Amino acid sequence: MRIIHRYLGFFLAGIMAMYSISGILMIFRNTDFLKSEKIMEQQLNPNLKAGELSAALRIKGGVKPEKTEGDVVYFAQGEYNAKTGMATVKKMELPVILGKMEHLHKATTDSPVYWLNIFFGLSLLFFVVSSFWMFMPQTSVFKKGLYFSLAGIVLTIILLFV
């Protein structure tokens with residue numbers, strides 16, 4: 001058990017670092033922390049309503065028109081020319097490598113690498129279980145480890161309900 005624990009830990013060191021960094025970044029996903037502004041132009045169908053515009057531009061929370069001047073509809077993230085169908089949208093994006101890390105962290109079954117998240121989750125579960133085989137049960141280190149494990153479980157339960 002110790003040997004598997006050791007070498008699996010070495011094997012997963014890089015991906016553990018990536019998941020920890022991207023997990024910390026995801027705490028700030030509703031802010032502009034480390035993000036830079038990207039302006040994108042997109043040709044859409046003319047005369048779209050706000051709901052259709054939201055779907056076409058894939059804007060979270062939807063497009064809420066703030067004002068209209070002639071054929072141009074202005075909203076918080078940009079503008080849309082209803083006559084020509086041209087939309088200009090401002091998005092805040094992470095640098096490429098950090099964006100890819102966050103995307104990998106949030107992978108779903110629609111992603112071709114979702115299996116990596118499953119493998120990593122199972123590996124972490126293995127680390128949890130195998131850690132109890134690192135020391136002989138009669139040693140003081142093992143007994144103290146059980147107290148720390150119990151404290152961690154209690155803290156987790158408290159945090160779930162806060």
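1. Start with the outward side of H1 in this predicted model: Ile3, Phe10 and Phe11 are exposed there (over 50% relative accessible area, against under 20% for buried and in between for partly exposed, with a 1.4 Å probe and protein chains only). H1 itself spans residues 2-11; helices here are DSSP runs of H or I with at least four residues, strands are runs of E with at least two, and both are numbered from the N terminus.

2. On the buried side of H1 sit His5, Leu8 and Gly9. They share one side of the helix because their arc around the axis is only 105°, taken from the directions from the helix axis to the C-beta atoms. As a reminder, an α-helix has 3.6 residues a turn, so residues three or four places apart point the same way.

3. What lies over those buried residues? The cover includes helix H2 (13-27) and helix H5 (114-130), with contact meaning heavy atoms within 4.5 Å.

4. You'll find two salt bridges in the structure, each a side-chain nitrogen of Lys or Arg within 4 Å of a carboxyl oxygen of Asp or Glu. One joins Lys90 and Glu37 at 4.0 Å, N to O. Lys90 is in strand S5 (residues 86-93) and Glu37 in strand S1 (residues 36-43), so this pair links parts 53 residues apart in sequence. Lys90 is partly exposed at 39%, and Glu37 is partly exposed at 45%.

5. Lys67 and Glu69 form a salt bridge too, at 3.2 Å, N to O. Lys67 is partly exposed at 42%, as is Glu69 at 45%.

6. On bookkeeping: residues are numbered from 1 along each chain as its sequence is written, and side-chain values use heavy atoms, leaving out hydrogens and water. Local features need pLDDT of at least 70 and side-chain atom pairs count only at pLDDT 80 or more, while totals for chains, interfaces and linings use all residues.
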